[in-house]
Structures are given as structure tokens and as C-alpha cells.
Amino acid sequence: MKPFVHEVRSTRIVFGSGTISQVRAEVERVGGNRVLLLASKRLDDVARRVGDSLGPSLAARFDGAVMHTPVEVTERALEVLRSNSADCVVAIGGGSTTGLSKALAARTNVPQVIVPTTYSGSEVTAVLGETQDGRKTTRAAPEIRPETVVYDVDLTLGLPVALSVTSGVNALAHAVEALYSPQAEPVTDAIALDAITRISRGLRALSANPSDVDTRADLLTGAWLAGTCLGSVGMSLHHKLCHTLGGSFGLPHAETHTVVLPHAMAYNAPAAPEVMERIARAMGVPEAPAGVYDLIVEAGGPTSLRSLDFPLEDVPLAVELATSRSYPNPREVTSEGVAGLLANAWHGKRPASRVPDLSWLTADVVASFDRAPSRRTRLLLEDLVRRLHSYATENDLTQPEWQRAVDFLTRTGQISSAVRQEFVLLSDTLGLSSVVDALTNSRTPDSTPSAVLGPFYVDGPPAVPSGTDLAAGLTGVPLWADVHVTDPDGLPLEGAVVDVWQADDNGFYDIQLPDLDGPVLRARFTTDANGRFTFWSILPSAYPIPDDGPVGELLAATGRHQYRAPHVHFMITAPGHERLITQLFVAGGDYLDSDTVFGVKEELVVDFRPATGATPDGRTVEGEWRHLDFTFRLARTAGS
Ligand code: BEZ
Ligand code: FE
């Protein structure tokens with residue numbers, strides 16, 4: 001049995017659609033004759049409607065409320081209130097405007113009629129948070145609690161989805177922390193759980209139809225109920241952290257609540273397992289912290305402090321500030337614990353699920369490789385299994401998700417052939433090919449950086465003399481390339497064999513065009529005594545990698561494009577030197593910042609300078625042509 005105290009401290013609530021028309025009656029009800037109207041410029045329309053309805057009772061308007069209720073702003077508003085002899089405040093807006101109204105009431109005891117346009121919930125509490133000199137302080141007093149709140153669902157129909165999500169999660173946080181508050185009692189518990197059900201239902205439905213009245217009513221009712229909890233019982237670690245991050249580091253209020261909540265819940269979960277189970281049930285999810293995180297992801301809200309531009313270096317100071325004074329919290333608040341929590345929030349990690357301990361199973365599989373004759377094979381397989389198992393457990397992988405992945409890989413295999421290397425393409429688009437390439441080939445400054453081979457290389461291209469035109473009459477901007485190959489000391493390498501290949505003006509390689517009488521745009525050169533060869537070709541253009549298979553589905557499902565930045569491929573071999581496979585990218589070309597296979601390296605982005613008139617070999621070219629000059633360095637093979 002848990003003893004409790006229940007006390008009703010209520011604000012009058014007017015809830016519905018079009019209720020804004022009742023503001024005047026509510027002002028009269030609280031005895032207001034001269035109204036100071038608080039509303040930001042963004043809400044000019046609503047403010048004008050309310051102002052008109054107030055008629056001569058409207059004494060003044062103030063539109064300067066800002067986040068975290070700085071005392072300087074309150075003083076300016078106070079001056080407006082006093083100089084206009086206002087005896088009542090009507091505040092239309094979110095938490096910042098409500099905060100300012102409460103700050104005025106705290107100083108003058110004026111009655112307040114609040115018209116919330118977000119889900120802040122602070123309109124039904126007697127708590128005021130203010131900032132001065134970079135520190136946020138809170139205080140509570142009966143005169144701070146607004147007399148009346150007019151909820152008009154219509155005002156929230158157009159609230160942008162992003163703001164609705166962060167504001168909604170801010171409200172959710174009130175209900176969550178109310179459940180493990182030392183003052184929690186049956187009424188606040190029931191209110192909090194209903195708030196959680198409504199808010200999570202509302203957030204899930206929001207993006208499909210942001211102006212659906214029932215969804216908005218769910219969210220606004222939930223916000224009010226959650227605010228009631230906030231006004232009745234004390235909050236804990238989550239709120240303390242958000243006040244610290246907002247007050248001392250200037251982080252945006254609702255976004256910070258959104259990022260921190262799943263992590264504060266995960267921190268408290270071991271000390272409040274029953275509360276977490278009730279929250280999970282109210283939300284209809286297996287686990288509360290991960291469920292809240294998933295809800296935020298699904299609704300498109302922010303998930304990391306990094307995305308809010310909070311510097312990682314500031315985590316220790318935030319820990320110090322958030323742990324400097326003790327406060328009730330289900331789990332002991334330690335510096336290490338809060339540091340871990342903030343690190344997870346900074347990275348935006350999904351809170352780990354409570355999964356069965358499967359380490360025995362991982363150990364069994366790892367042990368099954370004990371007799372592998374190759375040490376390297378054993379090591380790679382053991383590590384792969386460890387990481388695969390923890391990938392599954394950390395993400396609480398479901399059977400349907402696993403089935404979908406298996407189906408994806410099966411189809412990747414089915415579409416693959418000698419020319420359609422869908423697995424290589426998958427590795428390329430996941431950046432793995434570039435990682436392996438960098439590890440294997442680009443560890444020395446002795447060599448020009450390498451880049452992935454790609455699927456369009458054909459072994460044994462036609463050997464041609466220096467100066468050959470690879471384009472063989474294809475349309476495109478003519479390109480003259482003057483290429484040198486040197487050793488690491490810059491000495492020319494004679495007899496180096498250089499394969500060159502590239503796509504045509506439409507972004508196709510010859511092997512993708514069965515009707516073409518190839519090979520075209522591919523050839524083999526041999527460097528002369530100066531380590532040099534030249535050729536004519538055409539300026540390469542950006543092109544899409546094949547997207548009619550599983551890799552294309554993956555790109556589409558993640559909102560990625562399928563384009564490669566324009567480039568020419570080179571494969572260079574010279575006795576006594578490491579083979580270099582690389583690409584040169586056209587400076588100023590499309591997709592250099594978002595090449596779909598992550599192949600672009602700064603040193604490989606080069607000028608393909610525009611030129612007109614006389615050409616280096618005397619060939620006549622009408623209009624513009626391009627000039628590429630590049631020297632490749634080859635590293636010596638070990639022992640050479
Ligand atoms: C290419 O550059 O040819 C390429 C590289 C990786 C994937 C697809 C194409
Ligand atoms: Fe290519």
C-alpha cells in the first residue's frame with residue numbers, strides 16, 4: 001500500500017472548436033476590464049480577432065515573449081501592463097507566451113485567461129520557470145496558476161507537424177514523470193495514463209492528416225491532462241536535464257524534451273519497472289523507452305542532441321549543472337549515469353531494449369569456429385557473429401524484419417550475374433566498398449588516392465596509341481586528356497599500362513548498350529619515356545547506377561538518389577609498383593557531395609578546364625572543348 005494526498009487545485013477549462021469566441025466572456029468572468037493581450041506576431045490574425053471581440057476592454061498588446069521567459073522581457077511587458085493600467089492578461093500562444101503571462105501574474109497578481117496554441121501544458125500549473133544570467137529557476141505560487149484556459153482545437157489545426165511533434169512529446173514527458181513522482185496518487189496516475197494514450201495516438205495519426213480535428217483534439221486534451229499532472233506532482237531527472245540544457249545552453253525547449261525523454265526513461269526504467277510497463281500498455285508498445293523513441297522517429301521528431309547543435313564537449317558541464325542539487329528521482333542520479341544518458345542522447349541511440357540474455361547463444365556459435373584452420377577466417381567469422389547477434393538484440397529485430405532482410409538478399413542474389421553485380425552494388429551503396437578500398441589501397445601518401453572499381457570494367461580493353469579518340473564519333477563535349485604517371489618521387493614511369501573507361505554523354509557504359517558496336521569509351525594505353533600518354537574523349541556526365549533491383553528499392557526507401565558524380569576511371573599497372581585503380585571527378589559536376597557510392601575524394605576532384613580554338617594536337621574542334629591534365633603517383637611495391 002502506498003499512502004497519498006490528493007488535492008484539487010483547478011483551473012477553469014473551456015474546451016472545444018471555435019471557443020476563442022468565448023474569451024471575452026471569460027475575461028468578464030475573472031473581472032477583467034482592461035486587458036493586456038500577449039500574442040506573438042505569428043499569431044496576428046487570432047490576436048486581432050480576440051482584440052476585436054474585446055472591444056474597448058483591450059488596453060494594450062505585447063508581442064515580445066521569447067523562450068525560457070527571460071526576466072528582461074518580463075520587465076518590459078510589466079512596463080506595458082502598468083503604463084496601460086491593465087487588470088487582466090489574455091495570452092494566446094505556446095509555452096513562451098504562457099510563461100510571460102505567469103511571470104506577470106507572479107509580480108502583480110493579475111488574473112489570466114490563456115489560449116494555448118501548442119501542447120505545452122504549462123497553462124494549468126502554478127509553476128513559473130524564468131531565466132536570468134543563463135540559469136533557469138522555477139518557483140510555484142497560487143497566483144501563478146491561470147484562472148481560465150480556453151482550448152480551441154481550431155487554433156491547433158495548422159500547427160506545423162514538426163512543432164506539433166516536439167510540443168506533443170514535451171507534454172508526454174509531463175505525464176511520464178508524473179507516474180514515478182513521489183507525489184503520484186491514483187487520480188494523477190489515471191490522468192497521466194490517459195494523457196499518454198491520447199498523445200501517442202495523436203502523434204501516430206498526425207502526419208497522415210495534420211488537420212484532422214479528432215487527432216488534434218486527442219493531442220490537445222492529452223496536453224491539458226499532462227499539464228494537470230505537471231501542476232499536481234513534482235517532476236524528476238528528465239525535467240531537470242531539460243531545464244539545464246535550455247536555461248544554461250540555450251537549447252530549444254520542446255526539441256530538447258523530445259530528444260531527452262527516451263533516454264531519461266531508459267535511465268529510470270530499472271528503478272521504475274512497473275511504471276514503464278503501465279506506460280508501455282498505455283502506448284500499446286512492448287517497451288516504454290524504446291517505444292517513445294520509435295514514436296518520435298515515426299513522427300519525424302529530432303532524436304539527437306547533436307542535431308540540436310549541442311557540442312559534445314559541453315556534456316561534462318551539463319552533467320555538473322544537472323547533478324549539483326539533489327531532487328527526487330526513482331533511480332539515484334549519479335554523474336556517471338547522467339554522463340552516459342547525455343552521451344546516448346547526443347548520439348541519438350535507440351534505448352536498448354530489455355531483451356533476454358542471449359550471450360550463451362553467441363558464445364556457442366563463436367565456439368563452433370574453434371577448429372577453423374585459418375586464424376584469420378576464425379577471427380572474421382567470430383566477430384561477424386558477435387556483431388550480427390548484437391545488431392539483432394540491440395535493435396530488437398523482429399521475425400518479419402529478419403524475413404524481409406532475407407528476402408531482400410535472396411532477390412539480390414537472384415538478379416546478380418557476371419554483368420549485373422547486385423551484391424557489389426549493395427556493398428558500394430552502403431559505402432562498404434569504399435571503406436575496404438581505402439583500407440587496402442589508400443593508406444600511403446606515396447600514391448594518388450584510389451577509388452572503387454565499379455561494375456563496368458572489362459578486362460583487356462583494346463590497346464591503342466597515345467592520342468587516340470575513345471569517343472569514336474559519339475556526341476558530347478570533346479575532352480583532351482594529358483596524363484602522366486610517376487613514381488613516388490615524381491620520376492616518370494615508362495611502360496606503365498593504363499586502362500581508361502567512362503560512360504557516354506547519356507550516362508551509359510558501352511556494355512550496357514547491347515546494340516552498340518563496341519568497345520567504345522574504353523582503351524588501354526602505355527606510357528612513353530616521359531611517363532605520358534594523351535587521348536581524346538568526351539566530358540563524362542553524371543549517371544544513375546542500375547536501380548531496377550533490390551538496391552534501387554533500398555535507395556528509394558531511404559530517399560536517396562542513384563547518381564554517380566561525373567568521372568573517368570583509370571587502372572594503372574607498372575612493374576615494381578602497386579596497381580592503382582581510381583577515378584577522376586569533374587570539378588563543379590553534379591552529385592560531388594552525394595555520390596551514391598561514396599567514391600569521391602578531394603584529391604580526385606580536378607579541373608576539366610574549358611577551352612576553345614586551337615587544340616594541342618592540331619585537331620579542329622568547333623566550339624568549346626575541355627582540357628584535363630593529371631599526374632598519377634604510384635606507390636612502390638614492398639621490397640622494390
Ligand atoms: C562506376 O563508377 O562505374 C560504378 C561504381 C560503383 C557502382 C556502380 C557504378
Ligand atoms: Fe563509373
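Visitor: Which helix does Thr188 lie in?
Guide: Bear in mind that this is a predicted model, where local features need pLDDT of at least 70, side-chain atom pairs count only at pLDDT 80 or more, and totals for chains, interfaces and linings use all residues. Residues are numbered from 1 along each chain as its sequence is written, chains are lettered from A and ligands numbered from 1 in the order in which they are written, and side-chain values use heavy atoms, with hydrogens and water left out. Helices (H or I, at least four residues) and strands (E, at least two) are DSSP runs numbered from the N terminus. On that numbering, Thr188 sits in residues 186-206, helix H6.

Visitor: Is Thr188 buried or exposed?
Guide: Here buried means under 20% relative accessible area, exposed over 50%, and partly exposed in between (1.4 Å probe, protein chains only). Thr188 has a relative accessible area of 4%, so Thr188 is buried.

Visitor: Which residues is Thr188 in contact with, leaving aside its neighbours within four places in sequence?
Guide: Contact means heavy atoms within 4.5 Å. With those sequence neighbours left out, the partners of Thr188 are Cys229, Ser232 and Val233.

Visitor: How far apart do the C-alpha centres of domain 1 and domain 4 lie?
Guide: Domain bounds come from an automatic or database domain assignment. For this chain, the assignment gives domain 1 (12-156), domain 2 (161-355), domain 3 (359-397) and domain 4 (432-633). Between domain 1 and domain 4, the C-alpha centres are separated by 65 Å.

Visitor: What orientation do H16 and H17 have to each other?
Guide: Axes are lines fitted to C-alpha atoms, for helices over the stretch in contact, with angles running from 0 to 180 degrees between N-to-C directions. The axes of H16 (residues 399-415) and H17 (residues 422-429) come within 8 Å and cross at roughly 125°. Angles under 35 degrees count as roughly parallel, over 145 as roughly antiparallel, 65 to 115 as roughly perpendicular and the rest as oblique. H16 and H17 are therefore oblique.

Visitor: Which residues of H17 make the contact with H16?
Guide: H16 brings Phe408, Leu409, Thr412, Gly413 and Ile415 to the contact. The residues of this contact divide into five nonpolar, two polar and one charged (Ala, Val, Leu, Ile, Met, Phe, Trp, Tyr, Cys and Pro count as nonpolar, Asp, Glu, Lys and Arg as charged, and the others, Gly among them, as polar). On the H17 side, the contact is made by Glu422, Phe423 and Leu426.

Visitor: Which residues of H19 are buried?
Guide: H19 spans residues 550-557, and what covers its buried residues includes H16 and H17. Just after H19, Gly559 takes a positive phi of about 70°. The buried residues of H19 are Pro550, Val551, Gly552 and Leu555.

Visitor: What phi does Thr69 have?
Guide: Most residues other than glycine have a negative phi. Thr69 is in the loop between strand E3 (58-62) and helix H3 (71-83), and Thr69 counts as buried at 7% relative accessibility. Its phi is positive, near 45°.

Visitor: And what is the relative accessible area of Phe598?
Guide: Phe598 is found in the loop between strand E16 (580-586) and strand E17 (605-606). Although not a glycine, Phe598 has a positive phi of about 55°. Phe598 is partly exposed, with a relative accessible area of 46%.
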